[in-house]
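Subject: Structure handover, salt bridges

Hello,

Please find the structure below. My notes on its salt bridges follow.

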Amino acid sequence: MAADTGRYRSAVTKSKDPSGLLISVIRTLSSSDDVQDRETEKGRLEEAYEKCDHDLDELIVQHYTELTTAIRTYQSITERITSSRNKIKQVKENLLSCKMLLHCKRDELRKLWIEGVEHKHVLSLLDEIENIKQVPQKLEASMASKHYLYATDMLVSAVDSLEGPLLQVEGLSDLRLELHSKKLNIHVVLIDELHRHLYIKSTSRVGHRAKDKEKGRSALKDTSILDVSGLSTPRKLTEPSQFSTPGTSSVRELQEMREQLDVDPEENSAEFMGILIKALAKLKKIPETIKAIMERLEPELKQILKRSTTQIADHAYQRGESLAQDNQPRLLLELLELLFDKLNAVAQAHSVVLRHLQQIVVSPSGAHEGIKLYEHADVYAKIQTVLQVLLMDYLDVKNTRSAAEPSAQLSYASTGGDFGAFFAKKKPVRPKQSLFKFESSSHAISMSAYLREQRRELYSKSGELQGGADDNLIEGGETKFLCKPGARNITVIFQPLLSQVRTETSKEIETVTKVSDPLKILANADTMKNLGVQRPLLQNTVVVEKSIQDLMSLMQDLSAYSNQFLEMVCDKLKEYKQICNSAYRGIVQSEEKLIISASWAKDEDISRLLQSLPNWASMTQPRQVRQKREEEEDFTRVAFAKESEVLTGNLGDKLIPQNEILRDVSDLKALANLQESMEWLACRLKGFFSNLTQSSSSDAQVSSESVRSREQILQTLTDLSRSFQDIADRCLLVLHLEVRVHCFHYLIPLAKQGNYAIVANAASMDYDPLVVKLNKDISAIEEVMGAGLQQHKFQYIFEGLGHLISCILINGAQYFKRISESGIKKMCRNIFVLQQNLTNITMSREADLDFARQYYEMLYNQADELLNLVVDQGVRYTELEYINALSLLHRSQTGVGEQTVQNVRLQRLKEIICEQAAIKQATKDKKITTV
């Protein structure tokens, strides 16, 4: 029985599902026909159950504490759940009761809610009325503190409220009329404030600089009138910090512009003008603003001219000078310098205003669409008009001063023909003497001093005379001149003009050359399209060419001073030549030593040899003059052989380190861009100078000394043009040689350090890693050169490369220690993948690599068979190449004999080659005799 009980227990333990055990027991009882068996089974079950009850009691006794705690915890959780259910039930009942009560009071609640909304709206209206009643006082305070945007927002919102929700409030009618009137007139104040910043505030810093400049210039007041070469001519624009903010601001930034009420709004003039524009836009007065700007532009510029004239005159008076002194033309130069600075500042301020107006017009709101803005060219046109009138007056272009002051000869001639009257005795005339004058009286002196003191205070505050025209410089409505008008005044203007042209040209060139990497900044696509070029040009080259073109235009306009402009062109070209040479050295120089390709290109003998070869001549010739393709191939094959012979003789026996080549493809791209740019610039300069030569030969009125000086300058310019072409040729030679040096760099180690005595397997038959690297290198260079160079230069770089690789591989046979048939097969695979890559680049068969492959396939033969092959096929390679092949076979194959046998084979080879040469010569002689 115990065994049966254990069996049941084990069955229960093994079974994961008790129901399965119960089903099996039921199946056993139902399938048994014997009552005794059933009773036995029943007893077993009862015994098992009793055992389980006993075990359960023991477990309860052992774990009584834990079981009691669990039961109590469960009882507590059950009680809480029951309590929560009851509370939720109570809440539901209360909600239903509230819903019923609210339904009964629905109309009263709706009435109370509507009354609450009405009272809230009335309170908001009362608050708004209280705020609007304070608007005039706040508006006056904001206008006094010049927080115009805040004042405009407040005024516009107040008027909108008065004409909107508060329109029916009769008590606000007077306030409505007052604010509406202010809204109609406030834009006049804003426009006046905008003009004050455009023409007075913008020039205040210029006035301070002019004042400081006078201190340094006072030491030059004793110099001669015409000695103006030492005078400083600063051409600084307004400081960029003053107007730099809106240049980078977006439309969103303009929309989010807010006034800071706790700071001075005029501290940043650019932001203040933006605030004024935004305020005018809120008032919808942008068209009126633009109209006022255009109408007041010329009068404001004339006021600047008058104030500047007064300022220069007062500064001269402070230095103890008089307008009647001999050095008065120098004051004209000072006036022009001050005017240029101020007018440049005004132009910069207008550019700020235009940017703000443009952002207002293109804003997403679309409220100002269709408004036509004025342009920056309009501002410069007015500036040029004012300056032109000023210079015409000072240079006396219309000869008005000469007509008003007739000469003594004319007065003498007009007295008539009675000469006797001059010798007749006349009654002595008493000279008229005034009894007294007021000009030295205390009242006149004190008034002049008072006016001058008032202007001095204005200068100290703003550096600018902010009032109207000076009373001491205006007579009869016309401005007095700082110096006597006349054509000789041009002498004090012209030299600073040349200095200014030189300064601006230098600044333009420095902007594009004084960068970290000037050879990698290219002109944009639109510029290249306008210039009609197909390959990228350097941005600095385009700027230099444009500067030279501008100087040429100035030279034609001022032909009398053409030599000065030509000297300026020479100086700029010399500077740019140095910049290009420095950039070139920065690429090709490594550790204060030129790379191999650059040192070879610099060598006169090697460069002369390469440029004397037919492929160079074919590349430099125009396409129409070149030979036909078939004749050209025969013609250039000799060039390829000569070039390969020279390069292999110099580089074919040594390993080239990585620092001797240009590994970065971007450097090669920079050289290609430099080559195209230098060639284009040289071509443009030749066109300029050829026109100059023709114009100078046709001008017969130039003095002999000037002609000699002009010829020297033209010779210098021609030399500079040739030097730019030399830089272009040197870059092309470096690129041509660099690709070939790369081939030596990868293929020489393949023969000297590679293992080709291999057994055939999948891993050993892969392409040589050096060959794979060379292919990648050539493909990368091809991609860069194709985009950076013209087609004929691209062909010059890559054509003949297959011949050189073939020579390197054939010459490298002497460096293999041993080679097996698998090694020969691997070498042929290397040659095939190189040939395939070069074919894709040059679009030709590259048959020279077939020549190298056949050379290595020749090594499949035994040494003696190789000699027979030479007899059968004739001599296809040089004697040295056959000797290298026999020596490699002797080192690689076993059982080919001792060294004496090898010497016999070499002797036999020489005899065969001599015989073949004799046969060939005899055949040639026979052909000649037959002919």
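Asp192 has a relative accessible area of 37% and is therefore partly exposed (buried means under 20%, exposed over 50%, partly exposed in between, with a 1.4 Å probe and protein chains only). This is a predicted model, in which local features need pLDDT of at least 70 and side-chain atom pairs count only at pLDDT 80 or more, while totals for chains, interfaces and linings use all residues. Residues are numbered from 1 along each chain as its sequence is written, and side-chain values use heavy atoms, leaving out hydrogens and water.

Asp192 forms a salt bridge with Arg296, at 2.8 Å from N to O (the term means a side-chain nitrogen of Lys or Arg within 4 Å of a carboxyl oxygen of Asp or Glu). The pair links distant parts of the chain, 104 residues apart: Asp192 lies in helix H8 (residues 173-201) and Arg296 in helix H13 (residues 286-318). Helices (H or I, at least four residues) are DSSP runs, numbered from the N terminus.

Arg296 is partly exposed, at 27% relative accessibility. Its side chain also meets that of Glu300 in a salt bridge of 3.5 Å, N to O. Glu300 is buried, at 16%.

In helix H25 (residues 604-612), Asp605 and Arg608 are three residues apart, again about one helical turn. Their side chains form a salt bridge of 3.1 Å, N to O. Asp605 is exposed at 53%, whereas Arg608 is partly exposed at 47%.

The whole structure has 24 salt bridges.

Regards

Note on methods. Helix = DSSP H or I, 4+ residues; strand = E, 2+ residues; numbered from the N terminus.
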